[in-house]
Every structure is written in structure tokens, then in C-alpha cells.
Amino acid sequence: MALSVVADPCLAEEVAQDAFVRAWRHAAAYDPGRGRVATWLLTITRNLAVDAVRLRRDLPVDPWRLPIPAPRPDPGARVERIQEELLALPATQSRPLVLSILYGLTAQEIADREGIPLGTAKTRIRRGLARIRTALTTTP
């Protein structure tokens, strides 16, 4: 448990040792009616491991252990791509999307404005978003 939380074998050993010391000191507080001993020990270990991670947050980290961030696409190109996909949608889907996203209208307000049932407005918004999402994830 400690190793899965702290991801450092040396620190995990310290956390595990502290967990057993804490369990030994507070053994009288254990209530068998609330759960098994293993669960009690794992809870103590988890809490100590989380505390250890919080304390180490400001310590320097070996750069080789850091994940390499993926290159981010140009936001301007992404906006243009979304605009293209929005224009490619039928008006029955694009209009509710624009009213919802840009004007902040609720599905009920869109339904009232368009003169359609609430379920239809929600479906058109959901399908429009799904088509845009699919188009953006399948093509660069």
C-alpha cells in the first residue's frame, strides 16, 4: 500500500515502519466490530503515505522521473477546426449548440425558443457535440 502511494521504495519502507509503530501504540483503540485488522492497518498505512507525499511535494524530483508532456497543438488552429465542424453540422444541431455554448442558454430555454420538446433539444445538443468530438479526434 505504501509503495503504491509514494512510488519510492525507501520512503515506502519508512511509511510501513511508521504504520506498524502507530498500530502498536494505538492497538487498544482497535475495534473489531468496525472491521478487520488488515483493513485497519491498511488505512493507517494509506493515511501515513498520503501525509508523506504531501510533505515531499516541495522537494526536488529527478528530471528523468517526470513524464514528458505531449506537444500541444496550436490553439488557433483548433478553434478554426471547431468552427469548420460547427458549420458542417445541420442547422438543427448547430443552432442549439451555439445557443448553449456561446449564449449560455439551458436546454429548457433552447426548447422554448426553438419551439421543440425539451428531450429533442437535449438530443440535438448531445448529437452535435458528439459529431464535433468525433470529427476532431479522427482527423488531425
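The exercises below work through a predicted model of one protein.

Residues are numbered from 1 along each chain as its sequence is written, and side-chain values use heavy atoms, with hydrogens and water left out. Local features need pLDDT of at least 70, side-chain atom pairs count only at pLDDT 80 or more, and totals for chains, interfaces and linings use all residues.

**Exercise 1. State how many helices and strands the protein has, and what percentage of its residues is buried.**

Solution.
Step 1. Helices are DSSP runs of H or I with at least four residues, strands are runs of E with at least two, and both are numbered from the N terminus.
Step 2. The protein has seven helices and zero strands. Along the sequence this reads α-α-α-α-α-α-α.
Step 3. Buried means under 20% relative accessible area, exposed over 50%, and partly exposed in between, with a 1.4 Å probe and protein chains only. By this count, 23% of the 140 residues are buried.

**Exercise 2. Decide whether helix 5 and helix 7 are roughly parallel or roughly perpendicular, and list the residues that meet.**

Solution.
Step 1. Axes are lines fitted to C-alpha atoms, for helices over the stretch in contact, and angles run from 0 to 180 degrees between N-to-C directions. Helix 5 (residues 91-101) and helix 7 (residues 118-138) pack at about 95 degrees, and their axes are 8 Å apart.
Step 2. Angles under 35 degrees count as roughly parallel, over 145 as roughly antiparallel, 65 to 115 as roughly perpendicular and the rest as oblique. The two helices, helix 5 and helix 7, are therefore roughly perpendicular.
Step 3. Contact means heavy atoms within 4.5 Å. From helix 5 come Thr92, Gln93, Pro96, Leu97, Ser100 and Ile101; they meet Arg124, Ile125, Arg127, Gly128, Leu129, Arg131 and Ile132 of helix 7.
Step 4. These residues divide into six nonpolar, four polar and three charged. Here Ala, Val, Leu, Ile, Met, Phe, Trp, Tyr, Cys and Pro count as nonpolar, Asp, Glu, Lys and Arg as charged, and the others, Gly among them, as polar.

**Exercise 3. Describe Leu89 and its contacts.**

Solution.
Step 1. Leu89 lies in the loop between helix 4 (75-88) and helix 5.
Step 2. Leu89 has a relative accessible area of 8%, so this residue is buried.
Step 3. Leaving aside neighbours within four places in sequence, Leu89 is in contact with Ser94, Leu97, Gly128, Arg131 and Ile132.
Step 4. The C-alpha atoms of Leu89 and Leu129 are 9.9 Å apart, while the two residues stand 40 residues apart along the chain.

**Exercise 4. Find which residues of helix 6 are buried and where they pack.**

Solution.
Step 1. In helix 6 (residues 107-114), the buried residues are Ala107, Ile110 and Ala111.
Step 2. They cover an arc of only 100 degrees around the axis, so they are on the same side of helix 6. The arc is that of the directions from the helix axis to the C-beta atoms.
Step 3. The buried residues of helix 6 pack against helix 5 and helix 7.
Step 4. Asp112 and Arg113 are exposed, on the face of helix 6 turned away from its buried side.

**Exercise 5. Classify the aromatic pair of the structure.**

Solution.
Step 1. Rings of Phe, Tyr and Trp (its six-membered ring) pair if their centres lie within 6.5 Å; planes under 30 degrees apart count as stacked, over 60 as edge-to-face and the rest as tilted.
Step 2. The structure holds one such pair. Tyr30 and Trp40 are 5.2 Å centre to centre with 50 degrees between the planes, and the pair is tilted.
Step 3. Tyr30 is partly exposed at 21% relative accessibility, and Trp40 is partly exposed at 23%.
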